[in-house]
Amino acid sequence: MKTILPFLTFFMSALAAFAQSAAGDVTAVDAAAGTVTVNQPVGGSRFYRTRPSVEVLINGTKSKLADLAEGMTVKVTSGEPGLATRIEASGTPKAAAPGAPAAAGDLEHRLIGTKWVWWENKNEIQTISFIPNGKAWWSIKQRGDFTWSVVPGENRIEGTAPPRGEKFKMTFDAGLTKGKIYEGGNGRPRDTHLVAAPQTKNEIESLSVSTAPEIFANSRWEWQNKARPVTPKHWVELYENGTGKSSWGTALTWKQSGRLLTLVQSDNRTWRFELNMQQKEGKTDPKQPGQEAVHIRFSMPIK
């Protein structure tokens, strides 16, 4: 019995240590308060306190708690519930990230013109494309645009996602090729990665036109569909106050948001145009409920 007792003591100690270890992704770090929050695949979000003596290893190298970054994968060992004594992390350290942005403008500039995976499964990939002025396009058309802004000093953005304006955040690695997406109240992140590299400077600058309302206020647009072919020419006029009229004699109201232009006729008939501002034109999607194929093209400004 005396021979077995030391073995049982060792076994129970090891089992207790295992039970107090957890692995997951870092969702929040407060170096000043000495806390870290980890989202586990099983068990959800878990909050840990630390002491100054906490052992932190990042990619096998001794580091500091302040070097942990959101999105890192970690294994946390706690000597007692809620108190982390050892943190083993993999990923890019915040303090040592090569090329990490020193200011919000740097990351914003690097993101504009890039396309990233928003959501995917084996049958479908949805993407998000960053454009100037804190906007981003969703590959699911005519459902609205994202808004986003950079968290200063971090490789992270926060914003709202269509169609319901739900809050989200994205973290990025230093090379801006991989990242994590945190959406709504779900603390569990999903992976994302770069789909398309930044476009040329001229192409990127041209994207900002899609968010500028100036071209729509007091303008005439040629209108073409099956019922009203290009000859004779039909048109719609859009006025600065959000009203308008058509060549076939009906009153309109209009609203433009990002790449989407919505026209509502006086009888409540509605058209939703996906805009291409480089070509100064828009098209409806006849596959959408209640939509016919219509093509509009900018004609001229009006006084």
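This is a predicted model: local features need pLDDT of at least 70, side-chain atom pairs count only at pLDDT 80 or more; totals for chains, interfaces and linings use all residues.
Biologist: Which residues is tryptophan 148 in contact with, leaving aside neighbours within four places in sequence?
Modeller: Among them are Glu108, Leu111, Ile112, Phe130, Ala136, Ile157 and Phe168.

Biologist: And which residues have the most contacts inside the largest nonpolar core?
Modeller: Leu111, Trp118, Phe130, Trp148, Ile157 and Met170, in a core of 19 residues. A nonpolar core is a set of buried Ala, Val, Leu, Ile, Met, Phe, Trp, Tyr and Cys residues joined through side-chain atoms within 4.5 Å. Buried means under 20% relative accessible area, exposed over 50%, and partly exposed in between, with a 1.4 Å probe and protein chains only.

Biologist: Which elements give two or more residues to this core?
Modeller: Helix 2 (104–111), strand 7 (115–120), strands 8, 9 and 10, strand 11 (156–161) and strand 12 (166–172). Helices (H or I, at least four residues) and strands (E, at least two) are DSSP runs, numbered from the N terminus.

Biologist: How do strands 8 and 9 pair?
Modeller: Strand 8 (residues 125–131) and strand 9 (residues 135–138) are antiparallel, over 4 bridges. Two strands pair if DSSP finds at least two bridges between them. Isoleucine 128 stands opposite tryptophan 138. The two strands form a hairpin with 3 residues between them, and asparagine 133 in the turn has a positive phi of about 65°.

Biologist: What about strand 10?
Modeller: Strand 10 (residues 146–150) pairs with strand 9 in the antiparallel sense over 2 bridges. There, phenylalanine 146 is the bridge partner of alanine 136.

Biologist: New topic. Which strands close into a barrel?
Modeller: The order is 15-16-17-18-19-20-21-22, 8 strands with antiparallel pairing. Strand 15 (residues 219–225) and strand 22 (residues 294–301) pair over 7 bridges, with arginine 220 opposite methionine 300.

Biologist: How many helices and strands does the chain have?
Modeller: The chain has 3 helices and 22 strands.

Biologist: And how much of the chain is buried?
Modeller: Of its 303 residues, 42% count as buried.

Note on methods. Residues are numbered from 1 along each chain as its sequence is written. Side-chain values use heavy atoms; hydrogens and water are left out. Contact means heavy atoms within 4.5 Å.
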